[in-house]
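Welcome! Take a look at the structure below, then read on.

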Amino acid sequence: MPSISYSDALNDALERMKDLGYERGQGVDLANHGPMGAEALALLGHEDEVSRWVERYRRAMEHHEPPAPRFALDPADESSWRPALGAFHRAGDWEALFTRELAEAHWREVLVRWWPRLLPGLFAGLTHGLIRTAHAVRGLYAAERPTPLQLDELARGLAYWAARFTELPGRPRLGGTYDLAGAIAALPRVPHDGPLSPEVPRQRLARLAELPGYGEALEALAPDRADRLLSEMTLRFADVYLAHPEVFPVPLIHGVTAPAAARLVLPHLPPELHEPTLAALWQVHTTFLLAFTTDRRGEGTDAWRAEAEVAPALPELAARAVEHGDEHVIKFTEACLREHALRPDPRYLAAAFAAQGRVSRLDTGGAIGVAGRR
């Protein structure tokens, strides 16, 4: 048994990382994964390892200074806050806004108010606005009495989402006839001659609306119950991850971790926000497939079984993720194990094990240079 609790480990980690900026890296802006990785590590039952991991994470890469607050944003005045969406230099203003909001109202009230405002920009930081927010929400929900550190972390998750707000073209809606597997199979992929360099996904993201099948895909998916469709999303994108070892090892991980993160938040949102959230997630999934894959490869086949046959048992899989150390591997493993517990399928375990082999270990600097990784 761990010698400290989940909440104690989480708050200690947040204290140790409160000086870190929103992003890190030289020549490329990568999201600060420290709070997310530490929370997932504690959730995996390795609370005693959290403080040591935080120090490894801090040494691995220098973080940028956080943007300082400049001009106050008025949450009641749309003409004040809307122009600041997607303006990263206003991240300090966004953090100040959410800090004030959380001091004046319950965190669920703040979440419900801002979720529909931020949802169109779900792709923010390759979905890390959503994911950081969701990890913060899970910590708050688990606490008998939220600490100031935890409320500050939610403010930062929401602020990062707002400051990196990225609205994709088109308006997604669940009004089609395809189930998720059918919608993925129906989406045409754009071939590419030569190696898939980091520039290729960037170029495709820049002309996303022009890519074949993109517009049609936004209305192709049939509505379904939120819990069932989230499970389909995580399972099908675990399958996608396994099918594409040729793709940079990190971006497609978010096809699983983003809907797994949304599952943590939806119970705290009114039902009318569930379907728009699922539609926005499918738009993000469509974008991942068109930007990062050039064909279907082994999607929807039994090609993943070879990975599943050598994947270790659940406790060892978690322990290996801790030893590996990379924050994406830790978060991905935690999400796969959690989704597997809800709907057992060996593809979750195979995907988590595959990531441990594809992504560089934390001590070697991680998988840097990935287009759009953030």
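A helix axis here is a line fitted to C-alpha atoms over the stretch in contact, and the angle between two axes runs from 0 to 180 degrees between N-to-C directions. Please keep in mind that this is a predicted model.

| Helix pair | Residues | Axes come within | Crossing angle |
|---|---|---|---|
| α2 and α7 | 34–43 and 128–142 | 9 Å | roughly 45° |
| α16 and α17 | 314–324 and 327–342 | 8 Å | roughly 165° |

Let us begin with α2 and α7. Their axes cross at roughly 45°, so the two helices are oblique to each other. The crossing in which α2 passes α7 is left-handed. On the α2 side, the contact is made by Pro35, Met36, Glu39, Ala40 and Leu43, while α7 brings His128, Ile131, Arg132, His135 and Arg138.

Now for α16 and α17. An angle over 145 degrees counts as roughly antiparallel, and the axes of α16 and α17 cross at roughly 165°; these helices are therefore roughly antiparallel to each other. Their crossing is left-handed. Leu314, Leu317, Ala318, Ala321 and His324 of α16 meet Val329, Ile330, Thr333, Leu337 and His340 of α17. Here the contact residues divide into seven nonpolar, three polar and no charged.

**A closer look at Ile330**

Ile330 sits in helix α17. Is Ile330 buried or exposed? Its relative accessible area is 0%, so Ile330 is buried. Leaving aside residues up to four places away in sequence, Ile330 touches Gly37, Ala40, Leu41, Leu44, Trp53, Ala321 and Gly325. One of these, Ala40, also belongs to the α2 side of the contact with α7, and another, Ala321, is on the α16 side of the contact with α17. Further along the chain, Ala352 is 22 residues from Ile330, and the C-alpha atoms of the two are separated by 9.0 Å.

**Helix α14**

Finally, turn to α14, which covers residues 274–292.

How values were computed: Residues are numbered from 1 along each chain as its sequence is written. This is a predicted model: local features need pLDDT of at least 70, side-chain atom pairs count only at pLDDT 80 or more; totals for chains, interfaces and linings use all residues. Side-chain values use heavy atoms; hydrogens and water are left out. Helices (H or I, at least four residues) and strands (E, at least two) are DSSP runs, numbered from the N terminus. Angles under 35 degrees count as roughly parallel, over 145 as roughly antiparallel, 65 to 115 as roughly perpendicular and the rest as oblique. A crossing is left-handed if the near helix is turned anticlockwise from the far one by less than a right angle, and right-handed if clockwise. Contact means heavy atoms within 4.5 Å. The expected span of a helix is 1.5 Å times one less than its number of residues. Ala, Val, Leu, Ile, Met, Phe, Trp, Tyr, Cys and Pro count as nonpolar, Asp, Glu, Lys and Arg as charged, and the others, Gly among them, as polar. Buried means under 20% relative accessible area, exposed over 50%, partly exposed in between (1.4 Å probe, protein chains only).
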